[in-house]
Amino acid sequence: MFYTARIKKMLKIQDLAQKNGLSPVCIWSIKNEDHSMTEEQKTARETILRDYRIPEAYNLLIINSSSETSIKIKSPVDYVIVDNTNPDT
């Protein structure tokens, strides 16, 4: 799981992950008018919110501040990476 505050950074991480053989999915606010999520992202988001797990098709979940306190993951997560300088994040 990877946390960063901005969508632009999320997309850079997603691209880097794909280039290195990973299967990432980015989840951000469904209300963001500048960056609408795809149907695939929305489906992954619904699975996460409903089942508290990352869908099997993905091995990297990338989230931002829109979901930092609203997503619960109950399935095993090997690593959590936080890209933030605020010590309270």
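Biologist: Which strands are included in what covers the buried residues of H2?

Modeller: In this predicted model, the buried residues of H2 are Gln 41, Ala 44, Thr 47 and Ile 48. Seen down the axis of H2, these residues fall within an arc of 125°, so they line one face of the helix. What covers them includes strand S2 (24-27) and S3.

Biologist: Which residues are exposed on the other side of H2?

Modeller: The buried residues line one face of H2, because they fall within an arc of 125° seen down its axis. On the other side, the exposed residues are Glu 39, Thr 43 and Arg 50.

Biologist: Is Ala 44 buried or exposed?

Modeller: Ala 44 lies in helix H2, residues 39-51. Buried means under 20% relative accessible area. Ala 44 has 3% relative accessibility, so Ala 44 counts as buried.

Biologist: With which residues is Ala 44 in contact, leaving aside its neighbours within four places in sequence?

Modeller: Contact here means heavy atoms within 4.5 Å. With neighbours within four places in sequence left aside, the residues in contact with Ala 44 are Val 25, Ile 27, Pro 55 and Tyr 58.

Biologist: What separates the C-alpha atoms of Ala 44 and Glu 56?

Modeller: Ala 44 belongs to helix H2. Glu 56 is 12 residues apart from Ala 44 along the chain. Their C-alpha atoms are separated by 9.7 Å.

Biologist: What distance does H2 reach from its first C-alpha to its last?

Modeller: H2 has 13 residues, for which 18 Å is expected at 1.5 Å a residue. The reach from the first C-alpha to the last is close to that expectation, at 18 Å.

Biologist: Which residue just after H2 takes a positive phi?

Modeller: H2 covers residues 39-51. Just after H2, a positive phi of about 60° is taken by Tyr 52.

Biologist: How far apart are the closest N and O atoms in the salt bridge of Glu 39 with Lys 42?

Modeller: Both residues lie in helix H2, 3 residues apart, about one turn of the helix. Glu 39 counts as exposed because its relative accessibility is 57%, whereas Lys 42, at 33%, counts as partly exposed. In their salt bridge, the closest N and O atoms are apart by 3.7 Å.

Biologist: Which residues are linked with Arg 50 in a network of salt bridges?

Modeller: Arg 50 is exposed, with a relative accessible area of 54%. Arg 50 forms a salt bridge with Asp 51, the closest N and O atoms being 3.1 Å apart. Asp 51 is partly exposed at 30% relative accessibility. The residues linked with Arg 50 in the network are Asp 51 and Arg 53.

Biologist: Why are Asp 15 and Lys 19 separated by about one helical turn?

Modeller: The side chains of Asp 15 and Lys 19 meet in a salt bridge, 3.1 Å from N to O. Asp 15 is partly exposed, with a relative accessible area of 37%, whereas Lys 19 is exposed at 64%. Their separation is about one helical turn because their spacing in helix H1 (residues 7-19) is 4 residues.

Biologist: How many salt bridges are there?

Modeller: Side chains of opposite charge can pair when their charged atoms come close. A salt bridge is counted when a side-chain nitrogen of Lys or Arg is within 4 Å of a carboxyl oxygen of Asp or Glu. By this rule the count is 6.

Biologist: Which strands are included in what covers the buried residues of H1?

Modeller: Ile 7, Met 10, Ile 13, Gln 14 and Ala 17 are buried in H1. They fall within an arc of 115° seen down the axis of H1, so they line one face of the helix. On the other side, Lys 8, Lys 12 and Lys 19 are exposed. The cover over the buried residues includes strand S1 (2-4), S2 and S3.

Biologist: Which residues form a nonpolar patch on the surface with Val 82?

Modeller: Val 82 lies in strand S4, residues 81-83. At 43% relative accessibility, Val 82 counts as partly exposed. The patch has about 230 Å² of accessible area together, and Val 82 forms it with Val 77 and Val 80.

Key:
Residues are numbered from 1 along each chain as its sequence is written. This is a predicted model: local features need pLDDT of at least 70, side-chain atom pairs count only at pLDDT 80 or more; totals for chains, interfaces and linings use all residues. Side-chain values use heavy atoms; hydrogens and water are left out. Helices (H or I, at least four residues) and strands (E, at least two) are DSSP runs, numbered from the N terminus. Buried means under 20% relative accessible area, exposed over 50%, partly exposed in between (1.4 Å probe, protein chains only). Patches are made of residues with over 30% relative accessible area and no salt bridge: like charges are joined within 9 Å, nonpolar side chains (Val, Leu, Ile, Met, Phe, Trp, Tyr) within 5 Å. Accessible areas come from the Shrake-Rupley method with a 1.4 Å probe; for residues, only the protein chains shown count as cover. The expected span of a helix is 1.5 Å times one less than its number of residues. The arc is that of the directions from the helix axis to the C-beta atoms.
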